[in-house]
Amino acid sequence: MKAMSNDKPQAVCASDFASIVGEENAVCLWENIELSQQKPIQQAIASGNSPSCIVYPRTQQQLAAVIATAYTNNWRILPCGSCSKLSWGGLAKGVDVVVSTQRMNQLIEHAVGDLTVTVEAGMKFSDLQALLAKSRQFLALDPAAPESATIGGIVATGDTGSLRQRYGSVRDQLLGITFVRADGEIAKAGGRVVKNVAGYDLMKLLTGSYGTLGFISQLTFRLYPLAEASGTVVLTGSAEAVSQAADILRGSALTPVQADLLSTKLVSSLGLGQGLGLIARFQSISESVKEQSNRVLEVGQKLGLDGAIFADGDEANLWQRLQERIHTTATESVITCKIGVLPTAAVEILTQVELGLIHISSGLGLLQLEDENKVLKVRDELRSAGGDRTQTNSGFLTILDAPVAVKEQIDVWGYTGNALPLMRRIKEQFDSKNILSPGRFVGGI
């Protein structure tokens with residue numbers, strides 16, 4: 001495969017794109033980019049490689065032309081939005097150009113009566129939620145870095161959060177997608193209505209693909225009405241009692257929109273008490289929220305757990321602090337991992353780590369681990385507990401965020417299943433020249 005040679009003048013590359021995007025500052029040479037902006041990009045690419053420039057198309061047509069130019073010249077592209085999750089996943093290799101959707105941030109359509117919205121990929125999640133709130137609606141996702149994360153980046157990384165307890169994953173929210181193929185052609189899948197009949201589900205395929213199959217440009221989501229009331233219950237105490245409380249909650253008729261198990265250090269750092277924690281949020285009419293919250297408190301009391309209810313500003317502050325704490329590392333050497341485990345085994349895992357959160361129903365969660373040895377130890381324990389990774393009851397651990405040196409030493413994904421040949425064939429079909437996010441996905445795809 002031909003990549004852009006190292007001695008190719010940067011100005012030539014930049015001028016090719018400048019003629020497409022036109023605007024001043026829409027193409028920035030790498031050496032002219034501020035160090036604070038260079039850093040997240042460097043965390044996403046292999047050592048010793050710097051892109052020549054970063055390009056900011058403003059329209060879908062400009063984006064398609066930029067991708068087509070890169071395709072013609074065999075230039076490798078690192079897609080990004082605001083860079084809030086660019087350090088997640090594998091390291092891109094041989095990147096020539098960074099292309100950002102930051103300026104593709106328009107609301108295309110908000111069908112209030114149909115509870116759907118269509119936006120450009122570069123719109124920030126917080127901006128979209130603010131717009132939807134005016135109609136008493138919301139997008140049922142709670143991604144990392146909600147203030148800066150773009151909608152396209154959330155879909156590209158499959159970043160759902162705790163709200164999947166009630167509303168499902170990113171894939172469950174997505175109704176339609178428009179993306180630019182590696183050759184610069186614009187393609188669509190799904191539609192703008194909830195009941196949509198389509199062929200092969202490209203939406204699910206592109207969700208969580210880390211920009212390796214196509215460059216997402218527009219997205220359509222289903223929406224939900226904002227609830228009348230909200231309340232959160234926190235139970236803390238011994239691992240055994242918290243595990244029992246989680247079992248009871250899972251088997252009950254209660255309907256939390258968020259429900260997570262918290263490690264001891266996470267509980268103490270949030271000032272919630274001692275021991276492991278169980279946090280459950282209810283959103284409905286006021287009477288229902290009060291009734292369900294009190295029933296969880298009663299469960300906790302019977303098991304000898306400490307309990308508290310949070311409402312209004314205290315509740316919003318609690319979830320914001322929880323979000324920040326689980327995604328913010330104390331030092332740059334800390335490794336943030338995504339975990340998947342049987343829900344009934346979640347407490348056992350949390351007792352072995354300092355900082356962690358696992359959703360009580362899906363068994364998915366986040367861990368902060370001190371070093372690569374701990375990562376490999378936990379990964380091995382999950383595999384031995386779950387058996388063959390291809391089985392449905394197996395666990396997994398993937399590295400989201402870590403120093404580049406760590407990602408160069410350890411397999412980020414840790415995948416041992418049998419689907420890698422199929423993944424490679426799909427990549428070949430979508431991106432035969434391997435110019436989109438090369439190396440970011442499983443098996444170096």
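**Close-up views of the predicted model**

The accessible surface of the protein comes to about 18,900 Å², and 49% of this area belongs to carbon and sulfur atoms. The views below are taken from a predicted model.

**Figure 1. Overall dimensions and make-up of the protein.** The secondary structure comprises 16 helices and 19 strands. Along its principal axes, the C-alpha trace spans about 70 × 50 × 40 Å. The radius of gyration is 22 Å, which agrees with the value near 22 Å for a compact globule of 445 residues. Of these 445 residues, 53% count as buried. Among contacts between residues at least 6 apart in sequence, 71% join residues at least 24 apart.

Figure 2. Within helix 2 (residues 35-42), the buried residues are Gln-38, Pro-40 and Ile-41. They cover an arc of only 165° around the axis and therefore lie on the same side of the helix. Their cover includes strand 2 (53-55), strand 3 (77-80) and strand 4 (97-100). Leu-35 and Ser-36 are exposed, on the face turned away from the buried side.

Figure 3. Strand 10 (residues 215-222) is mostly covered, with 7 of its 8 residues buried. It pairs with strand 6 (residues 116-120) in the antiparallel sense over 5 bridges, and Leu-219 of strand 10 stands opposite Val-119. Strand 8 (residues 174-180) also pairs with strand 10 in the antiparallel sense, here over 6 bridges. In that pairing, Val-180 stands opposite Phe-215 of strand 10.

**Figure 4. The salt bridge between Lys-85 and Asp-159.** The closest N and O atoms of Lys-85 and Asp-159 are 3.4 Å apart. Because Lys-85 lies in the loop between strand 3 and strand 4, and Asp-159 in the loop between helix 5 (151-157) and helix 6 (164-167), the pair ties together parts 74 residues apart in sequence. Both Lys-85 and Asp-159 are buried.

**Figure 5. The salt bridge between Lys-265 and Glu-354.** The closest N and O atoms of this pair are 2.9 Å apart. Lys-265 belongs to helix 10 (residues 264-269) and Glu-354 to the loop between helix 13 (346-350) and strand 17 (355-359), so that distant parts of the chain, 89 residues apart, are linked. Lys-265 counts as partly exposed at 36% relative accessibility, as does Glu-354 at 39%.

**Figure 6. The salt bridge between Glu-315 and Arg-281.** The closest N and O atoms of Glu-315 and Arg-281 are 3.0 Å apart. Glu-315 lies in helix 12 (residues 312-327) and Arg-281 in strand 14 (residues 276-284), so the pair joins parts 34 residues apart in sequence. Glu-315 is buried at 3% relative accessibility, and Arg-281 is buried with a relative accessible area of 14%.

Terms used: Residues numbered from 1 in each chain as written. Predicted model: local features only at pLDDT ≥ 70, side-chain atom pairs only at ≥ 80, totals over all residues. Heavy atoms only, no water. Buried < 20%, exposed > 50% of the residue type's maximum accessible area, 1.4 Å probe, protein only. Helix = DSSP H or I, 4+ residues; strand = E, 2+ residues; numbered from the N terminus. Arc of directions from axis to C-beta. Contact = heavy atoms within 4.5 Å. Pairing = 2+ DSSP bridges. Rg over C-alpha atoms; globule rule 2.2 N^0.38 Å. Areas by Shrake-Rupley, 256 points an atom, 1.4 Å probe, with all protein chains shown as cover. Salt bridge = Lys/Arg side-chain N within 4 Å of Asp/Glu carboxyl O.
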